[in-house]
Structure formats: structure tokens, C-alpha cells
Amino acid sequence: PSDNAHVLSADRDEKVRVSPLPFPHTARAFCLGHFRYVSRLLSPPARPDLLLSGAGDGRLLLWRVPEAELLQEVALGEVPERAAPAMTPEQAKAA
């Protein structure tokens with residue numbers, strides 16, 4: 001792996017862990033900015049230096065990794081504890 005290769009992970013807390021390869025058990029940095037559980041991580045293949053994280057606090061955060069530098073925040077609103085199930089295509093047509 002290159003010197004910048006890393007593993008991104010999140011658990012049921014508000015932290016995103018940035019770990020270097022080939023030593024993923026050692027955290028290089030933490031992306032700290034969410035107030036509730038992190039539910040989604042996206043690292044665009046064309047921009048491996050960026051990370052988009054979504055969480056139960058209803059915010060999307062854009063990070064520069066591996067530095068864990070917060071670049072931008074978008075508030076989408078609070079996520080309910082129990083989200084309604086997604087509609088099937090048939091249900092959407094009927095709505």
C-alpha cells in the first residue's frame with residue numbers, strides 16, 4: 001500500500017476512525033464532529049483524500065483524510081429513532 005493508504009471505520013458512536021495500512025488496529029486520527037451514531041461513510045474513488053460521513057444527528061460532514069480535517073457541514077435535520085420503511089416501486093406509483 002501507498003503511504004497514504006488507510007482504513008475508515010465507524011461504530012455505534014459519533015466517531016470515524018482513520019487507521020493506516022498495514023496497521024489498521026492503530027488509529028492515526030479520529031474525525032470528531034457528529035453528535036449521534038455514524039450511519040454512513042463514503043470515500044469517492046476519484047478523491048480518496050475526502051470522506052463524506054452521515055449520522056443520526058441529521059448532518060453530512062465532509063472531511064480531508066487522513067488528517068481528519070472537517071471541511072464542510074450540511075444540516076439535513078434530525079433523524080427519527082424509527083425511520084419509516086422505504087416504499088416499494090409499486091407503492092410509490094400508487095401514492
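Which residue in β6 does L50 stand opposite? L50 stands opposite R64. Some ground rules before I go on. This is a predicted model, in which local features need pLDDT of at least 70 and side-chain atom pairs count only at pLDDT 80 or more, while totals for chains, interfaces and linings use all residues. Residues are numbered from 1 along each chain as its sequence is written, and side-chain values use heavy atoms, with hydrogens and water left out.

Now the overall layout. The protein chain has one helix and seven strands. Helices (H or I, at least four residues) and strands (E, at least two) are DSSP runs, numbered from the N terminus. Along the sequence the pattern is β-β-β-β-β-β-β-α.

Four of the strands form an open sheet in the order β4-β5-β6-β7, with antiparallel pairing. Two strands pair if DSSP finds at least two bridges between them. At the edges are β4 (38-42) and β7 (69-75), each of which pairs on one side only. On average, neighbouring strands of this sheet are turned by 20° against each other, direction ignored. For that angle, axes are lines fitted to C-alpha atoms, for helices over the stretch in contact, and angles run from 0 to 180 degrees between N-to-C directions. Back to the pair I began with: β5 (residues 50-55) and β6 (residues 59-64) are joined in the antiparallel sense over five bridges.

Next, the chain totals. Of the 95 residues in the protein chain, 26% are buried. Buried means under 20% relative accessible area, exposed over 50%, and partly exposed in between (1.4 Å probe, protein chains only). The accessible surface of the chain is about 6,600 Å², and carbon and sulfur atoms account for 58% of that. Such areas come from the Shrake-Rupley method with a 1.4 Å probe; for residues, only the protein chains shown count as cover. As for contacts (heavy atoms within 4.5 Å), among those between residues at least 6 apart in sequence, 25% join residues at least 24 apart.

Now the charged side chains. How many salt bridges does the structure hold? It holds five. A salt bridge here is a side-chain nitrogen of Lys or Arg within 4 Å of a carboxyl oxygen of Asp or Glu. Side chains of opposite charge can pair when their charged atoms come close.

One of them joins D49 and R47, at 2.9 Å from N to O. D49 is partly exposed at 25% relative accessibility, and R47 is partly exposed at 40%.

Another joins R59 and D57, at 3.2 Å from N to O. Are these two buried or exposed? R59 is buried, with a relative accessible area of 9%, and D57 is buried, at 8%. D57 sits in the loop between β5 and β6. The side chain of D57 also has a polar atom 3.1 Å from the backbone nitrogen of R59; a polar contact is a pair of N or O atoms within 3.5 Å, where, within protein, one must be able to donate a hydrogen and the other to accept it, and residues adjacent in sequence count only if both atoms are side-chain atoms.

R59 has a salt bridge with E73 as well, at 2.8 Å from N to O. E73 lies in strand β7 and R59 in strand β6, so this pair ties together parts that are 14 residues apart in sequence. E73 is partly exposed, with a relative accessible area of 42%. Through shared partners, salt bridges join D57, R59 and E73 into one network.
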